[in-house]
Amino acid sequence: MSNIESGGAPLAANPLTQAVLEIDDYASGLGWDQPARLFALVDTDRLRVQEPGLADELGLAEQTAGALTPIEQDELPAGTPLDEFLATIAWPEVVSGCALTVERLMLPPSAEQAIPEGLDEDALGQWVAAHPERQEVRMTVAVLRDGARESAVRLRSKDSPTEVLTGATLVPGLAEALSATFEE
């Protein structure tokens, strides 16, 4: 596990948005064509009190109240579908939320309407990969135990911190799957 160092993430008013932008900035620094990455989100003040040695090791200075520290988890198992993997996760109480960054191909709505019927998952993936209007995107989605959500989407074709889209409802399916990791 490692802490994310915020090198150039834009300022955000909300701690969850700030955490999402930190993770997006971290993932951006690793380049494209990366595997999915999972992060625990912990309350920075609580971490500083309960684990001062770890907080020092991670370089956590005094921050604003409510700040969240993203801590990268072990690599996701290769070959396991993301939804199946997420269904196996249960977070300890000290974890306030979680986040996932994943790369995917997306199509504009006009192209989605042209998808041939009856394609299985593999054939659909091949069809999307060959489509001239496809866009490679990196999505970072975070949820908190209390239901709060935030997402950041970065297009490979506009790979700049100033071009990152944020919003709570950008990737609803992934947010639902992450929220389910907190259900008992």
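**Close-up views of a predicted model**

**Figure 1. Ile115, Leu119 and Leu124 make a nonpolar surface patch of about 190 Å².** The model shown here and in the other views is predicted.

Figure 2. In S3, 5 of its 5 residues are buried. Leu68, Pro70 and Glu72 point one way from the strand, while Thr69 and Ile71 point the other way. In a regular strand the side chains alternate between the two faces of the sheet. Strands S2 and S3 run antiparallel and are joined by 5 bridges. Leu41 has Pro70 in S3 as its bridge partner.

**Figure 3. Arg37 and Glu72 form a salt bridge.** The closest N and O atoms of Arg37 and Glu72 are 2.9 Å apart. Arg37 belongs to strand S2 (residues 37-43) and Glu72 to strand S3 (residues 68-72), so the pair ties together parts that are 35 residues apart in sequence. Arg37 and Glu72 are both buried. Glu72 points the same way from S3 as Leu68 and Pro70.

**Figure 4. A salt bridge between Arg145 and Glu93 links distant parts of the chain.** In this pair, the closest N and O atoms are 3.9 Å apart. Arg145 is in the loop between strand S5 (135-144) and strand S6 (149-155), and Glu93 is in the loop between helix H4 (82-86) and strand S4 (97-106), 52 residues apart. Arg145 is partly exposed, at a relative accessible area of 31%, whereas Glu93 is exposed, at 54%. The cut-off for exposed is over 50% relative accessible area.

**Figure 5. Asp159 and Arg154 meet through their side chains in a salt bridge.** The N to O distance for Asp159 and Arg154 is 2.8 Å. Arg154 is buried, with 2% relative accessibility, and Asp159 is partly exposed, with 37%. Salt bridges with shared partners join Asp159 and Arg154 with Asp24 into one network. Side chains of opposite charge can pair when their charged atoms come close. The model has a count of 8 salt bridges, including Arg37 with Glu72, Arg145 with Glu93 and Asp159 with Arg154.

Terms used: Residues numbered from 1 in each chain as written. Predicted model: local features only at pLDDT ≥ 70, side-chain atom pairs only at ≥ 80, totals over all residues. Heavy atoms only, no water. Patch = residues over 30% accessible without salt bridge, like charges linked within 9 Å, V, L, I, M, F, W, Y side chains within 5 Å. Areas by Shrake-Rupley, 256 points an atom, 1.4 Å probe, with all protein chains shown as cover. Salt bridge = Lys/Arg side-chain N within 4 Å of Asp/Glu carboxyl O. Helix = DSSP H or I, 4+ residues; strand = E, 2+ residues; numbered from the N terminus. Buried < 20%, exposed > 50% of the residue type's maximum accessible area, 1.4 Å probe, protein only. Pairing = 2+ DSSP bridges.
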